[in-house]
Amino acid sequence: MSHAMFRAYADAVKAEIGTATTTRFIALAETTDGRFGLFHHSMLPGAGGADPHYHSRISESFYVLTGEVRLHDGTGWRTARAGDFLHVPENAVHGFRNESDSLVEMLIIFTPAEHREGYFEGLAGLLADGNRPSREEMVALMEKYDQFEVDAPDTDHDHPHGNDPSHRHGPDGTHHHPAPHHLHHH
């Protein structure tokens with residue numbers, strides 16, 4: 001006989017990713033029999049997120065709770081606000097970052113779960129204590145958890161004539177330059 005599982009918000013395991021992002025593990029693969037993973041993602045002002053990438057086995061969805069987050073939908077960046085939703089099927093390019101001056105909170109849902117908590121824990125470990133992981137370390141972690149970065153249009157859907165490529169941030173909230181593209185899978 002199956003039974004319902006309750007987890008209080010305060011009891012959720014959380015990963016501190018660099019100095020600007022916290023992810024709470026709300027529903028883990030073990031909780032949902034691997035069907036989906038649900039994460040509460042909090043990003044301080046200016047927090048980097050994920051450069052455009054895709055997953056070959058996972059669909060991912062974003063539901064914005066508070067603030068304004070920049071979401072990449074495969075064709076360019078757009079601002080998403082509380083109540084906005086983005087669904088990303090398998091093999092579709094997407095990304096996110098907080099370019100605003102306010103806290104962003106959103107729910108991220110992975111279907112199936114694919115133990116994405118392992119990715120967030122790995123990322124937190126690589127960025128702990130101000131560490132700056134190598135490109136190779138980042139690629140190895142991403143590929144282990146079905147994540148592959150790609151070149152994607154840097155179009156700004158909110159300001160089609162005012163693109164500013166200087167707004168690129170790394171996962172720890174610091175400015176970075178695009179990685180060499182010979183490392184990407186297409």
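Residues are numbered from 1 along each chain as its sequence is written. In this predicted model, local features need pLDDT of at least 70 and side-chain atom pairs count only at pLDDT 80 or more, while totals for chains, interfaces and linings use all residues; side-chain values use heavy atoms, leaving out hydrogens and water.

**Exercise 1.** Find the strand order of the open sheet of 6 strands, and the helix that packs on it.

*Solution.* 
- Step 1: Start with the definitions: strands (E, at least two residues) and helices (H or I, at least four) are DSSP runs numbered from the N terminus, and two strands pair if DSSP finds at least two bridges between them.
- Step 2: Trace the pairing, which is antiparallel, to get the order S1-S2-S3-S10-S5-S8.
- Step 3: Look for strands that pair on one side only: these are the edge strands, S1 (13–17) and S8 (85–88).
- Step 4: Now bring in helix H1 (residues 116–127), which touches S1, S2, S3 and S10; contact means heavy atoms within 4.5 Å.
- Step 5: For its direction, H1 makes about 40 degrees with S1, using axes fitted to C-alpha atoms (for helices over the stretch in contact) and angles from 0 to 180 degrees between N-to-C directions.

**Exercise 2.** Work out which parts of the chain the salt bridge between Glu114 and Arg57 ties together.

*Solution.* 
- Step 1: Check the criterion, a side-chain nitrogen of Lys or Arg within 4 Å of a carboxyl oxygen of Asp or Glu; here the closest N and O atoms are 3.1 Å apart.
- Step 2: Glu114 is partly exposed at 30%, and Arg57 is partly exposed at 41%.

**Exercise 3.** Follow the salt bridges of Arg70 to the network they belong to.

*Solution.* 
- Step 1: Begin with Glu99, whose side chain meets that of Arg70 at 3.4 Å, N to O.
- Step 2: Go on to Asp156, which bridges to Arg70 at 3.1 Å. Arg70 lies in strand S6 and Asp156 in the segment after S11 (148–149), so this pair ties together parts 86 residues apart in sequence.
- Step 3: Compare burial: Arg70 is buried at 8%, Asp156 is buried at 11%, and Glu99 is partly exposed at 27%.
- Step 4: Finally, follow shared partners, which join Arg70, Arg97, Glu99, Asp156 and Asp158 into one network.

Technical notes. Buried means under 20% relative accessible area, exposed over 50%, partly exposed in between (1.4 Å probe, protein chains only).
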